[in-house]
Amino acid sequence: MKNTCSILFTLLFIIGLTEAKAQADKSLLQYVDPKIGTAHSRWFYFTPGAVPFGMAKPAPSTNGSYGNAHGWDAVGYDERHHSIEGFANFHEFQVGGVVFAPITGKLETLAGKLETPEHGYRSTFDRKDEIASPGYYSVLLKDYGVKAELTSTQRVAFHRYTFPASEAAHILFDIGHKQGEGGEVKDAKVYVTADGRVEGYVTTLPVYVQKYQPGAEVTMYFSAVLDKKPIAFGVFKGEEISSGKTEITGKGAGLYLTFSTSEQESITIKAGLSYTSIENARLNLDAEAKKLSFDKAKATAEKNWANYLGRIKVESKERKDMVKFYTGLYHALLGRGLASDVNGAYPKNNGEIGHIPLGANNKPIHNHYNTDAIWGGFWNLTQLWAIAYPEYYSDWIKSQLLVYKDSGWLADGIANSRYVSGVGTNFVSLAISSAYMAGIKDFDVNLAYEASLKNELIGKDRPHGAGKLDVDQFVKYGYVPHLDKGTGGGERWQYSASHTLEYAFSAYAVAQWAKVLGKERDYQQLMGLSKGWEQLYDPKLNLIHPKWANGKFIENFKPSEAWRGFQEGNAWQYTFYVPHDPAALIAKMGKANFNNRLDSIFSTSQKNSFGGGTKLDAFSGLEGLYNHGNQPNLHISWLFNFSGKPSLTQKWVRAICNEFYGTDGIHGYGYGQDEDQGQLGAWYVISGMGLFDVKGFTAPDTKVGLGSPLFDKIKIKGNKKYFNGKDFTIEVKNNNATNIYVQSFNLNGEQLSSPFIRLKDLQNGGKLTLQMGANPKDQY
C-alpha cells in the first residue's frame, strides 16, 4: 500500500510539473506581437492563425487582391489600412490564394478598393476589435457586425464567423482572383457537393516562377466542410451571379452560401488544404481535424507555439526586449511551411505528384516544404535551426534533396517545388554542409554531397532557377569577370563582385565537408576557389573592386554604387564579405585600419538607424555604408571578435538590437525592411543571446562568437535525438543598459581567454556565465 501511494504521488508530481511547464511555456505567447512591422511586410508575415511551419496560414488581407508587381513587394496586411477584403488560406513565398469572406445583406462579389470600401465586400474594422496572437486571430467586421476568428492545424484552416440575426448571411469562397505573391490566375474551379462540402482549386502564375521556370505554375487545392446547411447557394464571376448553380470554373470563379442566422450564431468552416489534389485536401482534413472543434484546434495551436517558443527561454526586466525576442522567434518559425500531405504526397518540380516513403508508423519519413531563398540565412535561420530546431533543419535538407532528385539541381527557393531562386545565387550547398558540420547528418549524405559539389562547380546546362549562372566563369577565372552589359536577366552578368565573394564562401563551406568525407581532390579545388575574393581586393583602396576578364580593375568605380557588380549592396558593404577567412581580410587591411574603418561605419550608420533610415522601402539602404535591412551585411558587427576588439562587437550589436528593431507597426524590422521569412527576426534572437558565427557553422569544430546578451538568463533546451539532451544556460551578471561590456566569460567553471565557445559545447549542454561592466574590455 505504501509503495502504491508512493508511485501515485510520484506520478501526480510528474504530471503537475508537466502541466506547470506547459503553462509556463504558454505564457511566452504574451510576448509575441504579430502586428509589429506590418506597415510594410511581406505576404507570409502577418498570419497569426498559423502553426509553426504550417501549410495552413489563414489570415486577414487588406490589399492581397492588389497583386504583387515584382513578386516580392510588401502586400497582404498593412497596419495603415482600415478595411479587410477577406481571409486568404495560403500565405507562402510565391504562393497565395483561396479566400473566404463573411458578409450580410446585399450579395457583393467583388472585393472592392481600399479607397472605397463601401463598394465591394470588404469591410471596415477598428484595431481595438482585433486580436492577433500565435495560433489565433479575431476581428469584428464593422460593416456586417460579423466576428471573424481564425486558427489552424498543420494542413487545415479553421474559420469561425459569428453573425448577427439575418436572413441574408453569406459566406463567399472567392477562389479565382490573385492574392499576395501568388501571381496572376490561370485557372480556378469551385463547387459545392451534394453533402455540402465546398471544394476547388486555383492555379496561379507567380512572378518568380515565371522568371525562373517559365511556363510552370502553382496550384492550391482545398476541401471545406461547414457545420450549418445553407438556405441558398450560387456561383459568381466578377459581378455576374448565378443563383442555384453548384459549380463554376475559370479565372474569377467564386461560390457563395447563404444562411439564416440568429443573433450571435456561429458558423465554423474547416478547410483541408493541399498542393497535390482535392482528394488529398480531404484526406488532410479528415486526418487532422475530422472531430476537432474550433476551440480545441485553437488550444492545440497555442500549445504548439508554446512548445516551439519554449525551446529558448530568456528573462529580462525590459519587456520590450522580450517582445522583440519572441516576436522575432515567432517569425523565424512561421515561414517556409509544409508542402506535403499526410500521406507523403508532394508536388514535384515537373508538375507531377511525388510520394515521400512511409515509415513503420505508416507516416512519411520526412516532410516537404516551400521555402524562400536561403541567401543570408546562414547568419540567422540555419544557426537557429542547428541550435534549437535540428529536426526541422534535417527535414529542410531532405526537402531540398527531393527537388534535386526530381530536377537534377538544387533550388535556392521553391514554390510547389518550382524554381524561385529570388536572387540568382544558390547557397543550399553551404546550408547542407553547415548542417553536417553541426552534427545533423540523418539525410542521404552521398546524394547531398553530389548535389552540393555540382552546385559549386558545374555551369553546363544549368537552368535559370538553379542560380549561379556565372559559376563556370568563377571556376575558369577564380573570380567572376565584370560586364557592364549582358544578355538576359542581370543575374547572368551584372553582379560579378558579389557573386565572387558569395561563391568563395560557399566553396569554402563545401570544401570543409569534402575534407571530412575524405574527398581530398575536391577539397583542394574548392579551397582554391574560396580565395577568389583576393583577386578582387584592391590594396590601394582597401576595397573589393570588380575586375574585367583581362584582370584589370574596372574604371569609373564608385564604392557606394549599388547594382554595378554588387547585388543589393555596394563595395563599402561587400568588402567585409569574407566570413570564411576574416583573419586574411584583417591582415590585408591592417588591424588598426580595419577596426577604425568598421567602427566609423557603424558610428555613421547609427545616424540612419543602421539601414535606410525611416523610409518605408526594402531597398532604402543599398547605397549606405551599412544596411542591416538586407542580407550581405548581417555578419559584420561580429567581425571585431576577430580583430582584437570584441568590445566593439558588444557595443554595436547591442545598438543594432536596440535601435534598428522596434515594437510598433511602422518600426519593426527597421522601417519597412525586407523580412525574408524570418531572417531579421532570427538575427535578433541569436544576437540577443550573445551568440553568432560569421562562418555560419561551416568550419570544422565550429567556434561560436560571443557577444553581449540582452537578457539576464537564457536557456536553450537540449535535444536528445541529435545531441545529448542537456540544456545550455547563459547567466549574465550585473546586466543593464549601462553595463554592456563583458568583463569575463566562464564556461562550466573554466575561465575563457577569448570570446568564443565550441558549438559542440553549446549543443551538449552546460553553463556559460558572463560578468558585465560599464567599461570596454578586450583581453580575457
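Modeller: Let us begin with a definition: a charge is said to sit over a ring if NZ of Lys or CZ of Arg is within 6 Å of the ring centre and within 35 degrees of the ring normal. Please keep in mind throughout that this is a predicted model.

Biologist: Where does the charged end of K468 sit?

Modeller: The charged end of K468 is placed over the ring of Y503, at 4.7 Å from the centre of that ring. Another such case is K441, which lies over the face of Y436, with 4.7 Å to the ring centre.

Biologist: How is a pair of aromatic rings described?

Modeller: In general, one gives the distance of the centres and the angle of the planes. The structure holds 55 aromatic pairs. Among them is the pair of F158 and F294, which is edge-to-face, with 6.4 Å centre to centre and 70° between the planes. This pair links distant parts of the chain, since F158 belongs to strand 9 (residues 156-163) and F294 to helix 4 (residues 294-309), 136 residues apart.

Biologist: Are F158 and F294 buried or exposed?

Modeller: F158 has a relative accessible area of 0% and is therefore buried, while F294 counts as buried because its relative accessibility is 3%. F378 and W379 also form an edge-to-face pair, 4.8 Å centre to centre with 80° between the planes, and F378 and W379 are both buried. Ring pairs can also join into a cluster, as they do for F44, Y45, W638, F660, Y661, Y669, W683, Y684 and F692.

Biologist: Which residues have the most contacts inside the largest nonpolar core?

Modeller: The general idea is that nonpolar side chains in soluble globular proteins tend to be buried together. Here the largest nonpolar core has 230 residues, and F173, F222, F325 and Y326 have the most contacts inside it. Helix 11 (residues 496-516) supplies the largest share of this core, 12 residues. A second, separate core has 7 residues, including V156, F158, A289 and F294. Leaving aside neighbours within four places in sequence, F325 is in contact with I312, V314, Y684, V685, M689 and F711.

Biologist: How much area do domain 1 and domain 2 bury between them?

Modeller: The domain assignment gives domain 1 (1-31) and domain 2 (32-309), and these two bury about 600 Å² between them, with 61% of it on carbon and sulfur atoms. In domain 1, K26, L28 and L29 lose the most area to domain 2, together 69% of what that side buries.

Technical notes:
Residues numbered from 1 in each chain as written. Heavy atoms only, no water. Core = buried A, V, L, I, M, F, W, Y, C linked by side-chain atoms within 4.5 Å. Buried < 20%, exposed > 50% of the residue type's maximum accessible area, 1.4 Å probe, protein only. Helix = DSSP H or I, 4+ residues; strand = E, 2+ residues; numbered from the N terminus. Contact = heavy atoms within 4.5 Å. Phe/Tyr/Trp six-rings, centres within 6.5 Å; stacked < 30°, edge-to-face > 60°. Domains from an automatic or database assignment. Buried area = accessible area lost by both parts, 1.4 Å probe.
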